[in-house]
Amino acid sequence: MALVIVVSAFALLLAAASLFSRRYVKSGEDFYLAGRRMPWWGIGPTIAAGLFGGTSMLVVAGNSMSYGVSAIWILAVPSWIGAFVATVFFARKVRRLRGVASVPDIVALRYGEGTRTVFTIVTIFFYVGFTTSQLLALGIFINGFTGLPLLPAMGATLLVGLVLAGASGFLGVVITDGIMCVILAIGVGVLAVTGVRWAGGWSGIVDTLAAESPGHLDLFSPSITPGVAMAYVAAFGLALVPQQDILQRFASAKDAGHAVRGGLFALVIFIPLYLFPVVAGLAATVWLPREGHDALPAESLVSWTAKTMYSPWVSAFLFLAVTAAILSTLTTTINSCALNVTKDIYLRVTGDRASPSRTVAVGRVSTVLVGLVALLFATVFDFILGALYLAFSIAFAGMLVPIVAAFYWRRANGYGASWSALSGSGFVILDFALRELGVSVPWPGEPYSLLIAFCISLTALIAGSLLTAPPPAHVLDELDRADDREPTATA
C-alpha cells in the first residue's frame, strides 16, 4: 500500500509538471531548448540528474561492494572530470553559437552539411545505446524489487519515459529532472548513512575491511588496474564532452555566464551523488555477512536493501529514488536522440519548411521511435555496464576528437572530421560485434582496444584535414566572432 501511494503521488507530481511546461511549447526551439531561457540553477540539477542514472546508483554501489574503493574509477571520478572539462572548455563557446541546438548543428556550422550527416548517425547510435542501458537498469531494479519480469518492467519504464519526454519537451524534462534530482539525492544519502550505521560506523568499516579485505581500501584493485581506470576516465569522463545532452543544456542557458555556472553547479551536485553509492557499497561489504547475505549478487544490492532493510514507507521512497534516478536519465537520452531525428533528419529532408506545430508533432513521434528501438536493443544486452560502455566508447572514439578540433584546431576540416567519426566509432562497433560473436581479433582487448580506436580517430582527423583543403576563412571568422560576443539573455 505504501508503495502504491508514494508512486501514485510521484506520478501526479510529474504529470502536473509536464502539463505546466507543455503550455510553453510552441516551437521547435521551445521543445528542445526551452526557448533559451534556462538560468544556471535550473541547468545544474538537470545535468546532474540527467547523467546520474541507474548505472550510477546500481553499478557504482554494486561494484563498490565487489571491488572496494577502486570502484570510484568506474563512474565517479570520470564524471567529475568530464563535467569539469565540458564546462570550463566548452560551455561558453557552445552558448555563444547562434542557431545551435544539437551536436550535428555544431558540426555543420564548423565542418559543413556533409559532416552533419555522419555525426547524426554516430550520435543516434550513441543515444540508442545510452537509452538501452537505462532501460536495462530500471528493468533489473523493478524485477528485483517487485518480481515483475524484466521485459514488462522495461516496457512500463519506457512508457513513463515517453510520456515525460514527449509531452512537454525539454522544459518538462528540466522541471522533472529538478524534482528527481532532489529525490535521488535524499535516496542515495539514506542508503549511505544507514549502511554506515549498520556496519558500526565509518571506523568500523575501515577496521573490518583492513582486517578481512584490505584490498577493498586500495585505490586500485586486480580488477580495476590503473590502465582500466584510465579507460573508464576516457569512456565515461572525456566522452561527456561531445554529449549532446550536456551541450544542449549549455545552449539552452540565458547566456554564456549562466551556462558556465550551471555546469559548475552540476559538478558540485555530482560529488556527493557519486560518493554516496561508493560508501553504501563499502558498508554493505561489512554488514551483509552479519545478516547472512554475503552471497548477494552485486547487481541486486540496491534493490534487495531497499526492499528488505527498511520500513514500508522508507522502502517505497527508496524505490522512488532509484526510479527517479533512472527516469531522469532516460528522459534526457530520449529527448536528445529525438532532437537528432527531428532537427537533423526530418527538417533537413523538408528543407526546414515544417510549421512549428508540425515540428513539435514530429518531435513527439521521434521520441516514441527512439524509445522502441532502445527497448529492442535492451533485449539483446544482458548487463547494464556493457550497453553503457559501448555507447560511451562510441562517443569517446567517434565524437570527441572532431568536436574538440572544431573549437581548438583551425586547420581541421569536414573531410578530417568525417573520417575521424566514422573510423573511430566504426572500430568500436566492429570490435564489440566480433567479440560478441566469439571471433578472435589480432588487437588487444579492453581497455586497450578503446585507446586504439581513439588513436585511429585522431590519426584520421589529422590526415584527412592536412591532405585536403583547409576550411573556408569565413567559417573560422564566424566562430571567432562567436567567441567574442555575448548574446542578449532572453526574458
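Biologist: Okay, R116 and D105: buried or exposed?
Modeller: Both R116 and D105 are buried. Keep in mind that this is a predicted model.

Biologist: What do R116 and D105 form?
Modeller: They form a salt bridge, and the closest N and O atoms are 2.9 Å apart. That pair links distant parts of the chain, with R116 in helix α7 (residues 113-146) and D105 in helix α6 (residues 103-111), 11 residues apart.

Biologist: Which other salt bridge does R116 form?
Modeller: One with E113, where the closest N and O atoms are 2.9 Å apart. R116 and E113 both sit in helix α7, 3 residues apart, or about one turn of the helix.

Biologist: How many salt bridges turn up in the whole structure?
Modeller: A search of the whole structure gives 3. Besides the R116 pairs with D105 and E113, there's D431 with R435, with the closest N and O atoms 2.7 Å apart.

Biologist: Where do D431 and R435 lie?
Modeller: Both are in helix α18 (residues 414-436), 4 residues apart, which is about one turn of the helix. D431 counts as buried because its relative accessibility is 6%, whereas R435, at 33%, counts as partly exposed.

Biologist: What about V88, where is it found?
Modeller: V88 is found in helix α5. Its relative accessible area is 43%, so V88 is partly exposed.

Biologist: Next up, α17. How many of its residues are buried?
Modeller: 7 of the 9 residues of helix α17 (residues 400-408) are buried, so the helix is largely enclosed by the rest of the structure. The buried ones are L400, V401, P402, I403, A405, A406 and F407.

Biologist: New topic: F377. Which helix does it lie in, and what does it touch?
Modeller: F377 lies in helix α15 (residues 356-378). Leaving aside residues up to four places away in sequence, F377 touches V128 and T132. F377 is partly exposed, with a relative accessible area of 36%.

Biologist: How far apart are F377 and L136 in sequence and in space?
Modeller: They are 241 residues apart in sequence and 9.7 Å apart in space, going C-alpha to C-alpha.

Biologist: Last one, S252. Where is it found?
Modeller: S252 is found in the loop between α11 (244-251) and α12 (256-290). At 1% relative accessibility, S252 counts as buried.

Biologist: What separates the C-alpha atoms of S252 and I43?
Modeller: 8.4 Å, with the two residues 209 residues apart along the chain.

Note on methods: Residues are numbered from 1 along each chain as its sequence is written. This is a predicted model: local features need pLDDT of at least 70, side-chain atom pairs count only at pLDDT 80 or more; totals for chains, interfaces and linings use all residues. Side-chain values use heavy atoms; hydrogens and water are left out. A salt bridge is a side-chain nitrogen of Lys or Arg within 4 Å of a carboxyl oxygen of Asp or Glu. Helices (H or I, at least four residues) and strands (E, at least two) are DSSP runs, numbered from the N terminus. Buried means under 20% relative accessible area, exposed over 50%, partly exposed in between (1.4 Å probe, protein chains only). Contact means heavy atoms within 4.5 Å.
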